[in-house]
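Open the structure in your viewer and keep the selection tool ready. The tour goes from one stop to the next.

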Amino acid sequence: MNSSSAHADSNSPAQQNIVPQDERVRKESSLKRFLGRPEFASLAGAILVFIVFGFAAGDSGMFNLDGVINWMQVAAYLGLISIGACVLMIAGEFDLSIGSMIGFAGMMVAIPTVYFHWPFWLAVMFAFAGSMALGWLNGYLVVKTRLPSFIVTLAFMFILRGLTLALSIMFANRTIVSGVGDLAAQDWLGSWLFTGNLGSGLFHWMATQGWIATAANGQPLVGGIPKVIVWWLVLALGASFVLARTRFGNWIFAVGGDANAAKNVGVPVKRVKTSLFVFTAFCACLFAVLQVADVGSAAADRGLQKEFEAIIAAVIGGALLTGGYGSVIGACFGALIFGVVQIGITYTNLNSDWFRVFLGVMLLVAVLFNNYVRRRVTEAR
Amino acid sequence: MDDTILALENVSKYFGSVIALQNVTLRLRKGEVHCLLGDNGAGKSTLIKTLAGVHKPSEGQYLVDGQPVSFNSPKEALDVGVATVYQDLALVPLLSVARNFFMGREPTKKVFGITVMDINYAAETARAKLAEMGIMVRDPHHAIGTMSGGEKQCLAIARAIHFGARVLILDEPTAALGVKQSFNVLKLIHKARERGISVIFITHNVHHAYPIGDSFTLLNRGKSMGTFTKDTVSKDEVLDMMAGGAEMQTLMNQLEGIQV
């Protein structure tokens with residue numbers, strides 16, 4: 001209740017029906033509102049990165065079509081898991097087992113396909129079912145034991161990495177299982193969803209028109225948009241929609257903002273959290289399936305440290321470590337920054353060791369900025 | 001007896017060997033503001049939780065509309081229209097006014113066959129319902145973290161009323177508030193009464209309870225010291241009973257010049 005209404009004379013009915021304008025409301029400019037959005041930091045960061053590399057590597061081919069597809073693909077892979085990590089962080093939990101899950105899911109695809117001669121589609125289904133079951137177990141343990149998800153998923157980070165190594169030795173007697181590529185490309189599900197490019201006809205046509213660069217044999221350098229980029233965009237739009245426009249999205253924010261309050265008004269807190277652990281595992285498995293289909297092999301060390309990169313991308317994207325605030329679009333810009341810097345640095349004269357230095361600094365700046373935004377949003381003024 | 005909407009009859013509650021409540025009787029009439037007064041440790045919290053459906057009474061009966069009830073969860077109490085607004089208010093500071101107002105009970109609509117949350121409806125309804133209770137919302141899409149304590153309290157009460165509360169249990173709604181904000185909350189309680197809602201107002205502040213209350217039940221060390229209607233008891237008498245009159249008198253004599 002504001003001070004003007006407190007003074008309003010409640011005995012006069014005429015005045016009761018008038019909603020007085022609050023004299024204590026300042027008009028906030030739309031620019032200032034935009035600055036308070038969670039995506040702002042990552043968008044600004046992405047623009048900054050583009051400007052820096054535009055100057056440093058503008059004539060090196062980084063911004064040619066093949067260069068763009070190159071770093072977009074890196075961003076897309078990371079983007080997939082950063083979406084999962086971001087949504088889970090908004091709900092107030094972490095998943096440190098994402099990276100190990102990628103390795104494990106990759107093996108769940110590759111070993112049955114190559115050694116048990118399962119059709120590729122069946123192995124993919126199996127991997128998704130297995131990963132999501134493990135994600136559910138993660139979530140179940142977190143909501144049941146009320147232990148911090150940090151600890152529970154840290155345990156799974158080691159358990160799954162160890163299992164990946166042990167089981168691949170047990171079944172295949174090696175830690176790199178190759179020969180999946182052709183099987184995936186010939187499979188109906190693999191060729192439909194996971195291998196190859198989208199719009200290759202269009203790209204060929206553009207090549208014949210001379211609009212895009214071609215190799216010596218007349219084929220376009222870029223044969224289409226890799227499926228992983230399409231998956232990334234679809235998943236980003238889907239997750240943003242759910243967060244912003246559905247009941248479930250409201251529950252995710254509520255659960256992360258204050259789980260107790262959410263429970264008191266009837267939000268099924270445990271169900272929301274558990275389903276998001278499952279979603280994160282789904283994202284990790286999608287990463288693995290796309291990678292296995294693209295590279296043609298699975299390796300026990302795949303996805304190493306990816307959980308941290310995903311969380312960093314989410315944090316750069318404006319997600320708060322304490323939950324209740326964040327943006328999938330922001331996380332995608334975070335992933336884009338990753339891709340541009342990681343690939344862009346090879347186009348410059350800089351040693352690529354600087355990549356990690358840059359990442360760390362970026363993370364620190366993002367966290368400081370996010371804290372500032374949160375204070376602006378939550379503290380009474 | 002027939003206009004009693006909610007009643008506790010000789011209710012006791014034990015936690016192991018601890019007697020939290022003993023033979024407490026409380027009858028809430030339709031459309032009254034019933035103040036529950038007691039100092040710290042008097043059993044107020046246990047009583048609220050019993051009413052809200054968190055605890056079941058160890059002995060005695062809990063009646064709603066004259067029918068004995070036994071709630072297994074706060075949700076069941078809510079379903080018969082007994083809503084409790086706790087001190088933590090069950091609000092999420094990072095969420096907007098509209099999203100908080102409808103948290104857990106989001107309005108939906110269909111867009112191209114997909115069920116989505118109707119955010120505009122939520123915002124308009126939240127604004128309208130709060131305006132009805134005399135609360136002007138600056139912007140229903142603003143995070144409530146920026147609101148004052150009194151505004152949040154009012155929002156939580158308005159939300160409970162909007163979702164069909166017939167009995168409103170308010171746990172120390174004025175405890176953390178300044179003078180003007182407390183006054184706003186009291187005004188809101190008055191508005192709720194005008195709409196026929198019965199209110200149980202828990203407080204230890206007689207100065208807040210006395211002006212708004214129709215009847216007063218006093219708790220002391222787990223026992224009820226009786227229920228008094230406003231015309232049978234004065235503010236000072238209430239205060240005396242609450243603090244254990246004689247004790248307070250000695251204290252006041254020691255602190256000469258200080259008036260409560």
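This is a predicted model: local features need pLDDT of at least 70, side-chain atom pairs count only at pLDDT 80 or more; totals for chains, interfaces and linings use all residues.

Residues are numbered from 1 along each chain as its sequence is written, and chains are lettered from A and ligands numbered from 1 in the order in which they are written.

Select residues 328–347 of chain A, which form helix H17 (helices are DSSP runs of H or I with at least four residues, strands runs of E with at least two, numbered from the N terminus). Of the 20 residues in H17(A), 17 are buried (20 or more other C-beta atoms within 10 Å of a residue's own; exposed means 12 or fewer, partly exposed in between, with C-beta atoms placed from the backbone).

Next, select A:Val373, in helix H18 of chain A. Is A:Val373 buried or partly exposed? A:Val373 counts as partly exposed because it has 18 C-beta neighbours inside 10 Å.

Move to strand S6, residues 82–85 of chain B. B:Val82 and B:Thr84 are buried on one side, B:Ala83 and B:Val85 on the other. Strand S6(B) pairs with S9(B) in the parallel sense over four bridges (pairing takes at least two DSSP bridges). Opposite B:Ala83 is B:Leu168 in S9(B).

Finally, select A:Val109. Its contacts (C-beta atoms, placed from the backbone, within 7 Å) include A:Ala123, A:Val180 and A:Val289, not counting residues up to four places away in sequence.

Terms used
The expected span of a helix is 1.5 Å times one less than its number of residues. Two residues are in contact if their C-beta atoms, placed from the backbone, lie within 7 Å.
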